[in-house]
Structure formats: C-alpha cells, structure tokens
Amino acid sequence: MKTKPILGLLTIILILPASSQVQAQGTGTATVTYLSGKVEKAPGVQVKLGDVFKAGDRLMTGPRGTVELQLDDGGVVKLGEKTTIEVADLTREAGGKRSIFKVILGKVRALVTKFTPNRDRFELQGPMAVAGVSGSDLGADVTKDEDESYFGFDGKLYSKGSDGKPDTL
C-alpha cells in the first residue's frame with residue numbers, strides 16, 4: 001500500500017507550482033530604485049534601495065525626501081518631498097492589469113507603460129477625486145487642506161470626482 005503516500009506526494013508536487021503561478025500572476029510589485037533623504041514605510045522604519053512594495057503598503061517621504069518605484073510592468077512612480085501614498089492595488093492578470101495608488105498627501109508623478117484600453121487601469125486617487133491616464137505621464141498634488149491637482153503630461157487624462165461622474169480633460 002505504498003501507492004497512496006506516493007500518489008498524495010505527486011498530487012502536492014503538481015498543485016504547488018500551479019498555485020504559485022496564480023499568486024505570481026495576480027500580485028504586482030513596486031521596487032525602490034532611487035531614494036534620497038528620509039523615506040519611511042512606517043514611522044521610524046526606513047526604506048532601503050531594493051525594498052519591494054505590494055498592495056496595502058504605505059510610503060512616506062520627509063522634507064527633502066524623494067523616492068522612485070519601478071513597477072513590475074515597467075512603469076515608474078516618483079514621490080516628492082513630504083508625500084504619503086498607499087499602494088492600493090497592483091493586480092496582474094491575463095484579463096488586464098491595475099495599478100492604483102492612494103495619494104494621501106504630497107506630490108506624485110507616474111510614467112505609465114502603454115496599456116490596453118478597457119482592460120488595464122492606472123489611477124492616482126486623492127481624498128476627493130480619482131485621475132487615470134491613457135497615455136504615459138500623470139501627476140498629482142494633494143495638499144493638507146485636501147486641495148487636489150492632477151496633471152496629464154502626455155496622452156489623455158481621465159478624472160472622477162466625489163459625484164462619481166467621469167470627465168476627460
């Protein structure tokens with residue numbers, strides 16, 4: 001009766017690679033490729049070159065602090081000084097990809113890779129509005145008073161206010 005343990009082991013060996021592929025396909029990453037000054041992932045926890053961030057992680061830059069993240073799809077997200085963001089979503093699936101960042105405070109600029117309309121999504125979300133881009137370059141500035149400005153340097157800029165109505169700018 002040695003076939004049952006061997007069959008069970010064979011089943012585990014066949015299932016593990018498939019489950020790790022699903023996980024790898026579904027979760028994107030953002031890697032720190034440049035930093036200057038004070039950059040933290042939590043109060044008192046310094047960010048280092050090469051640190052990897054996933055959905056749910058937060059970054060904060062101090063005065064004169066800047067950081068650049070390289071997304072696994074080739075995009076780049078740059079944070080200016082006194083900026084706080086949360087990586088809200090980095091989903092990578094066969095049906096499309098989503099890169100969504102919550103800008104809590106400060107200045108962010110994103111150089112977005114080309115993507116497929118209606119399948120892929122890149123957004124910067126502020127407290128009162130959301131901006132997405134169909135092109136390659138997007139910026140956001142959120143102040144302490146929650147005043148928000150969004151900039152599209154190349155391509156089309158889409159925004160959605162608290163009323164939920166989309167606009168093309």
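Glu86 and Arg58 form a salt bridge through their side chains, at 3.7 Å from N to O. Glu86 sits in strand S8 (residues 84-93) and Arg58 in strand S5 (residues 58-61), so this pair ties together parts that are 28 residues apart in sequence. Arg58 is partly exposed, at 35% relative accessibility. The model is predicted.

Why can such contacts form? Side chains of opposite charge can pair when their charged atoms come close. Here the cut-off is 4 Å, between a side-chain nitrogen of Lys or Arg and a carboxyl oxygen of Asp or Glu. By this rule there are 9 salt bridges.

Another of them joins the side chains of Lys41 and Asp51, at 3.2 Å from N to O. Lys41 belongs to strand S2 (residues 39-42), while Asp51 lies in the loop between strand S3 (45-46) and strand S4 (52-53), so the link spans parts that are 10 residues apart in sequence. Lys41 is partly exposed, with a relative accessible area of 31%. Asp51 is buried, at 12%.

Now turn to Asp73 and Lys97. Their side chains meet in a salt bridge of 3.2 Å, N to O. Asp73 lies in the loop between strand S6 (66-71) and strand S7 (76-79), and Lys97 in strand S9 (residues 96-111), so the pair ties together parts that are 24 residues apart in sequence. Asp73 is partly exposed, with a relative accessible area of 23%. Lys97 counts as buried, at 16% relative accessibility.

Which residues join Asp73 and Lys97 in a network of salt bridges? Asp72 and Arg92 are linked with them.

Note on methods:
Residues numbered from 1 in each chain as written. Predicted model: local features only at pLDDT ≥ 70, side-chain atom pairs only at ≥ 80, totals over all residues. Heavy atoms only, no water. Helix = DSSP H or I, 4+ residues; strand = E, 2+ residues; numbered from the N terminus. Buried < 20%, exposed > 50% of the residue type's maximum accessible area, 1.4 Å probe, protein only.
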